[in-house]
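Good morning, and thank you for the time. Please have the sequence and the structure open.

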Amino acid sequence: MSSSALPTDLTKSETNIQSRDEQEAMRQWEEHSNALSTLLQATEDLGRKLELPTPTGSRTDTLAERHKERKEVERELLHLKSSSLEAIDTTEAFIHENSAYLSAQQHRETRNRIRELRKSVDRLLELSRKQLEDFTNQLLKLRAATPPQVEAVEPINLNCVMIEATDSKEKHQSIIDQLKQASGKGSPIPILILHTTFATIHENGNINLSSGLILPFISTLADLAVWTEKGRVLSEAEFSGLLKYGSKSTRIQEYGFQHCDLPPLTGTSSREVLKELQERGAKVTWDDTGHCLNTSHGSWEMNTIDRVRADCAAGVVMYKHWRKETLHLQIKMLEFATEKEIPVRILRLNRCYCSVTPDGSKLILQSGQTLSALSSVKRINIETEDGRKIQEVEFSRLLMYADQSQNIKELRFQFCELPPTVSASTISSEMKSKNFKVSWLSTGHRLDLHDRTWGIDDMDTIRESCGYGVAIYQQSSSHMHKLQMRFLTVASQNNKDTNNPTHANGDYRVDTML
């Protein structure tokens with residue numbers, strides 16, 4: 001081969017490689033587009049289920065049946081929203097990495113589909129919840145106006161039984177009766193979920209429910225999941241009592257806990273419970289921390305990677321009032337997720353954020369613990385104490401932290417006051433290129449990364465901000481008050497113009513009138 005031919009051959013090789021890369025990018029773009037289209041079609045199908053006319057009249061059985069249908073639709077919608085968020089994240093990552101191969105039209109089409117999918121799912125969720133509320137109110141009025149009567153028992157699905165706090169006491173009793181009946185016949189019950197219905201442990205070892213009823217021991221139960229009110233702290237007596245609940249049988253093989261802070265098992269009775277769990281080979285998982293209990297000595301160890309992946313997909317919430325040991329386990333899970341490249345959909349710092357280091361490399365929690373830059377986290381919500389003021393220097397350092405975390409796409413602030421602007425040096429070119437978003441939920445605004453001023457946020461975020469309510473504090477600056485007034489005006493105008501219940505302003509909470 002002549003020396004003069006070498007550059008031409010290299011050029012052809014580079015062209016071929018580039019062509020193959022472009023073809024692969026086009027193939028993947030079609031896959032992402034098809035996935036978004038499939039999800040959009042699914043929202044349309046669920047939307048048709050919500051278009052059925054609202055039943056009227058005096059028959060409680062018709063209303064109850066429609067109420068049940070709506071609850072099933074809402075469960076499907078929640079699953080669809082989870083799938084949509086995952087699809088949107090992967091599609092946006094693909095666009096960012098392959099931007100050079102996509103045309104302007106492909107960019108627009110994909111962005112429009114993503115925007116449409118977000119709006120469709122959120123709109124249907126709001127509509128479903130409003131219909132559920134309407135049906136519930138109608139049922140309550142009808143039942144109050146009619147004499148008590150024996151209603152048909154609604155059969156439960158024994159494959160997954162859930163006792164929810166929103167259900168009536170009569171519904172709880174019906175579920176308990178059917179569980180006892182199934183257990184008496186030896187029918188296996190794979191899982192029972194106590195959805196914010198666990199109250200206390202009864203003196204005989206059974207479970208007191210929030211409705212005032214007692215859940216007796218179910219001999220054929222395999223898994224018990226306890227989902228408490230968000231942020232609840234369980235005592236050692238409550239935790240060990242729940243574990244001891246299944247000690248009469250070798251059937252219960254797994255206990256799952258979520259939304260709560262669990263104490264260490266150090267007491268004499270707790271050690272006896274651990275021994276029983278070890279003998280039965282039962283497993284105890286703690287979704288909030290991605291850990292499972294080592295029953296041989298009562299310590300917590302990292303769960304399997306698949307379980308941690310599922311916990312991270314649901315998001316991580318850190319509470320100020322939780323024990324320091326619990327926060328330590330959560331930090332270990334976040335570091336494990338970064339090491340294994342497991343995406344964390346959202347990290348919520350609920351009143352536990354304190355400050356940030358001068359170089360922006362670490363967040364400091366109220367407990368004194370620190371969070372290093374986390375490349376696995378997609379979004380961070382900083383929820384401060386009511387009315388806290390974050391000055392420009394601290395705000396700039398928080399932006400630096402987000403920039404160092406690489407994969408964070410959005411930083412959200414709530415319950416605090418932020419500065420009117422930041423210095424130009426704070427916003428890196430990389431943050432601008434990846435469309436990094438800074439949202440101030442308390443005002444319904446987002447930071448424009450180019451001119452570094454606050455502009456009204458997109459309607460999806462505005463709707464979410466409205467759902468939290470708006471607190472107007474006397475000590476807040478006139479700048480923040482103006483943004484809040486603009487936010488309320490836009491929200492109410494949008495509601496008026498669209499005449500759509502999904503754009504309702506929410507319940508505004510005003511601490512002090514201007």
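Helix axes here are lines fitted to C-alpha atoms over the stretch in contact, and angles run from 0 to 180 degrees between N-to-C directions. Helices (H or I, at least four residues) and strands (E, at least two) are DSSP runs, numbered from the N terminus. This is a predicted model, in which local features need pLDDT of at least 70 and side-chain atom pairs count only at pLDDT 80 or more, while totals for chains, interfaces and linings use all residues. Residues are numbered from 1 along each chain as its sequence is written, and side-chain values use heavy atoms, with hydrogens and water left out.

Let me start with helix α7 (residues 305-314) and helix α8 (residues 324-339), whose axes cross at roughly 105 degrees and come within 11 Å. The two are therefore roughly perpendicular, a term that covers angles of 65 to 115 degrees. On the α7 side the contact (heavy atoms within 4.5 Å) involves I305, V308, D311 and C312, and on the α8 side M333, F336 and A337. By class, these residues are 6 nonpolar, no polar and 1 charged; nonpolar covers Ala, Val, Leu, Ile, Met, Phe, Trp, Tyr, Cys and Pro, charged covers Asp, Glu, Lys and Arg, and the others, Gly among them, are polar.

I turn now to the sheet. It is open and mixed, with 7 strands in the order β11-β12-β16-β17-β18-β19-β20; strands pair if DSSP finds at least two bridges between them. At the edges are β11 (316-319) and β20 (454-456), each pairing on one side only. From one strand to the next, the twist averages 25 degrees. β11 runs parallel to β12 (residues 347-350) over 4 bridges, and V316 has L347 as its bridge partner. Helix α9 (residues 392-404) packs on this sheet, with its direction at about 155 degrees to that of β17. Helix α11 (residues 459-468) lies across β16, β17, β18 and β20, at about 35 degrees to β17.

Finally, confidence: pLDDT, the predictor's confidence in each residue from 0 to 100, averages 83 over the chain. Over residues 496-514 it is below 50.

Definitions and conventions
Parallel < 35°, antiparallel > 145°, perpendicular 65-115°, else oblique.
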